[in-house]
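Me: I would like to learn how to read the features of a model like this one. Please take me through them one at a time.

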Amino acid sequence: MKELSTTQFYATFVIPFLDAALRFYDLFEVDAHDCESFCDVWVNREKGVFSKDQILSILGNAFFCSFAVREEVYEDDLPSIGYDEIHTGDARVLVTKLRLLFDYVTETVCPTAANTPERMEVYRCELASLPPPHDSNDTVQPPVMHQLGESIDDQQSMIRLDFANAWIGGGALADGCVQEEITFAQCCGLNTLRWNQRPLKEEESVVVKGYAQYGVVEKGTYGFNISYGGCIAGGKIMGGALAVVDAADFRFHPASDQYSTAFIRRELQKLLSALLHPSVEDITRVAGGNWGCGIFGGDYELKFLIQWLACCISKKQLHYFPFDNECFEEFNSTLCALVESGCTVKELEEFLLVSEIPETRSVWDSFVTFFAEARQAKLLNAEDDESD
């Protein structure tokens, strides 16, 4: 982003953005008097497709705060959609997000952006219930553990898990600055999801394909240390897909509840609603990580096993990105041994959904013990069968 005079700023950002906002009624072919009911038609659509111009128009109206004010109070309320919230938060985050938005607008309307034919597809996914229990001896798909510091957002050919809030985007239009908000800041078009997506229910997720990125945060920066990292000239279309999945928030539940079968089933059903959706049937790798393990208070070992099981059930391979969590290096060798020993999907499923997981012990250690005891029981049963 170059230094600009006031005149240049208005010419390259304000006027094109305002023009895009004013084209809303033409782009969506709606009468101004029917705008409110028109938005209702788009809410939670099973599939919605947005052109580059439509995305820019929605963002323009959000930036100039011309949409009706929304209050996030009830579960059926639509998320807030005004950029006015961003001015009340941390200054460093504010500057970074606005510079990324500037890149999005100026690069979208510049001639070179014609080579980036953004066409964002949004799928509202629902899974009424979990698939039947696994009854075969299929072995688990070995997960791939990535190096510390590697980013989920860089995995262009995978399904990338968005560690989402139920109100999609979370603090994306304010000073939120963790995984989901950073993704939405780098790929501003994703903020249009706040225009027509109500909060996610327990069995729901959203899959997004074909969105564009025009800027990046500085590599390695996170949280309130986030910094602007530069513009992507002409932009790039993100390959693979984004799976918007909100983990259970244990700020509002006792942390011990996450080890219960009910909450484990909830998390598994949430992931599978996205991973089993037809829109991602041909994408065989999933970029996961410390989903729900930050401010939401999730157990990272338990969440790893849940993501692993979800990938095994959907016949995809989990690529795990621990980011800054060094603990995974400690049990990587044990993980390899389990895989080499022929650990099955059924055994992983029974540990998570049938056995009682103790709160006072490492979940990973509990799983290793469970697996060893299951194998010992199989050997004893085999010996009894031979003696018969």
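Reply: A contact here means heavy atoms within 4.5 Å. The model is predicted. Leaving out residues up to four places away in sequence, Thr344 touches Asn137, Asp138, Thr139, Val140 and Arg375.

Me: Where is Thr344 found, and does it count as buried or exposed?

Reply: Thr344 is in the loop between helix 10 (332-340) and helix 11 (345-353). Buried means under 20% relative accessible area. Thr344 has 4% relative accessibility, so it counts as buried.

Me: Which residues is Ser314 in contact with, leaving aside its neighbours within four places in sequence?

Reply: Ser314 is in contact with Leu272, Leu275 and Leu276. Its loop runs between helix 9 (300-313) and strand 10 (317-321). Ser314 counts as buried because its relative accessibility is 10%.

Me: Now the sheet. In what order do the strands lie?

Reply: Two strands pair if DSSP finds at least two bridges between them. Here eight strands form an open sheet with mixed pairing, in the order 1-2-5-8-4-9-10-3. Strand 1 (47-51) and strand 3 (144-145) are the edge strands, each pairing on one side only.

Me: How many bridges join strand 2 to strand 5?

Reply: Six bridges join strand 2 (residues 119-126) to strand 5 (residues 204-209), and the two run antiparallel. Within strand 5, Ser205 is the residue opposite Cys125.

Me: Which helices pack on the sheet?

Reply: Helix 4 (residues 52-63) is one of them; it touches strand 1 and strand 2, and its direction makes about 90° with that of strand 1. Helix 6 (residues 179-186) also packs on the sheet, where it touches strand 4 (159-164) and strand 8 (241-246). The direction of helix 6 makes about 120° with that of strand 4.

Me: How is strand 4 paired with strand 8 and with strand 9?

Reply: Strand 4 runs parallel to strand 8, and six bridges join them. The bridge partner of Leu161 in strand 8 is Ala243. With strand 9 (residues 285-289), strand 4 pairs over two bridges, again in the parallel sense. In that strand, Ala287 is the bridge partner of Arg160.

Me: How many residues of strand 4 are buried?

Reply: Six of the six are buried, so strand 4 is largely enclosed by the rest of the structure. Both faces are covered: one side has Ile159, Leu161 and Phe163, the other Arg160, Asp162 and Ala164, and all are buried.

Me: What span should helix 4 have, at 1.5 Å a residue?

Reply: The expected span is 1.5 Å times one less than the number of residues. For the twelve residues of helix 4 this should be 16 Å, and its end C-alpha atoms are 16 Å apart, which agrees. Helix 4 is mostly covered, with ten of its twelve residues buried. Among them are Lys52, Gln54, Ile55 and Leu56. Just after the helix, Cys65 takes a positive phi of about 55°.

Me: How are two packed helices described?

Reply: They are described by the angle between their axes and the distance between the axes. For helix 1 (residues 6-22) and helix 4, the axes come within 7 Å and cross at roughly 110°. Angles of 65 to 115 degrees count as roughly perpendicular, and that makes helix 1 roughly perpendicular to helix 4. Phe13, Phe17, Ala20 and Ala21 in helix 1 meet residues of helix 4 including Leu56, Leu59 and Phe63.

Me: At what angle do the axes of helix 1 and helix 5 cross?

Reply: They cross at roughly 85° and come within 10 Å, with helix 5 covering residues 91-109. That makes helix 1 roughly perpendicular to helix 5. Phe9, Thr12, Phe13, Pro16 and Phe17 in helix 1 meet Leu101, Phe102, Val105, Thr106 and Val109 in helix 5. The residues of this contact divide into eight nonpolar, two polar and no charged.

Me: What is the phi of Asn44, and what is that of Phe323?

Reply: Asn44 has a positive phi of about 55° although it is not a glycine. It is found in the loop between helix 3 (35-42) and strand 1. Asn44 is partly exposed, with a relative accessible area of 26%. Phe323, also a residue other than glycine, has a positive phi near 60°. Its place is in the loop between strand 10 and helix 10. With a relative accessible area of 30%, Phe323 is partly exposed.

Notes
Residues are numbered from 1 along each chain as its sequence is written. This is a predicted model: local features need pLDDT of at least 70, side-chain atom pairs count only at pLDDT 80 or more; totals for chains, interfaces and linings use all residues. Side-chain values use heavy atoms; hydrogens and water are left out. Helices (H or I, at least four residues) and strands (E, at least two) are DSSP runs, numbered from the N terminus. Axes are lines fitted to C-alpha atoms, for helices over the stretch in contact, and angles run from 0 to 180 degrees between N-to-C directions. Buried means under 20% relative accessible area, exposed over 50%, partly exposed in between (1.4 Å probe, protein chains only). Angles under 35 degrees count as roughly parallel, over 145 as roughly antiparallel, 65 to 115 as roughly perpendicular and the rest as oblique. Ala, Val, Leu, Ile, Met, Phe, Trp, Tyr, Cys and Pro count as nonpolar, Asp, Glu, Lys and Arg as charged, and the others, Gly among them, as polar.
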